[in-house]
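Please consult the sequence and the structure shown below while reading.

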Amino acid sequence: CTGIAVGFCCTCRNFLCKGGQESHSRVPQLSCHKVLGLDKESAILLPSLMTPTYPNCSQCGQANSIMDFYCQTCSLSICPLCVIAVHKDHNVTKLSSIADTHRKEMKKTLEHAQEIVSMLDRAIDANN
């Protein structure tokens with residue numbers, strides 16, 4: 001966005017143009033953020049709110065945030081805000097995709113273990 005800042009998101013710790021401010025009211029994952037207008041009263045609070053650190057997702061305090069992404073770089077499940085704000089240059093995938101991959105691997109491992117148990121049962125029966 002190349003627009004003029006009209007607000008500040010205390011949660012994202014970013015200045016917002018008009019479009020960004022509207023997105024914060026429309027998008028469910030962002031609607032719970034605390035957005036300040038850039039009036040004189042709010043301007044007094046800005047220096048203390050502009051700390052350039054982002055909490056990681058398990059502590060980000062996002063109400064109603066669904067952890068539906070997985071950062072493979074950090075080995076963490078993360079919310080959509082953290083995908084954009086903290087993990088934007090990382091290898092991030094949908095958590096459901098990672099879960100499907102692990103589910104398939106576990107199924108193969110279980111099938112292999114069942115084959116071994118069957119083989120051992122046959123060996124025991126043959127020796128009796």
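A contact is a pair of residues with heavy atoms within 4.5 Å. Among contacts in the protein between residues at least 6 apart in sequence, 38% join residues at least 24 apart.

The model is a predicted one, in which local features need pLDDT of at least 70 and side-chain atom pairs count only at pLDDT 80 or more, whereas totals for chains, interfaces and linings use all residues. Residues are numbered from 1 along each chain as its sequence is written, and side-chain values use heavy atoms, with hydrogens and water left out.

**Overall architecture**

Five helices and six strands are present in the protein; helices (H or I, at least four residues) and strands (E, at least two) are DSSP runs, numbered from the N terminus. Their order from the N terminus is β-β-α-β-α-α-β-β-α-β-α. The accessible surface, computed by the Shrake-Rupley method with a 1.4 Å probe, comes to about 9100 Å², and 57% of it belongs to carbon and sulfur atoms. Of the 128 residues, 21% are buried. Here buried means under 20% relative accessible area, exposed over 50%, and partly exposed in between (1.4 Å probe, protein chains only).

**Nonpolar core**

A nonpolar core is a set of buried Ala, Val, Leu, Ile, Met, Phe, Trp, Tyr and Cys residues joined through side-chain atoms within 4.5 Å. The largest one has 11 residues, namely C9, C12, L16, L30, F69, C71, I78, C79, L81, C82 and V83. Strand 4 and helix 4 (80-85) are the elements that give two or more residues to this core, and helix 4 provides its largest share, three residues. Leaving aside residues up to four places away in sequence, L30 touches S23, H24 and L81.

The structure holds zero disulfides, a disulfide being a pair of cysteine sulfur atoms within 2.5 Å. For C71, the closest cysteine sulfur is that of C74, at 3.7 Å, and therefore too far for a bond. C74 is likewise in no disulfide, and its nearest cysteine sulfur is that of C71.

S75 lies in the loop between strand 4 (69-71) and strand 5 (76-78). Its phi is near 55°, a positive value in a residue other than glycine. Most residues other than glycine have a negative phi.

| Residue | Relative accessible area | Class |
|---|---|---|
| C71 | 0% | buried |
| C74 | 33% | partly exposed |
| S75 | 48% | partly exposed |
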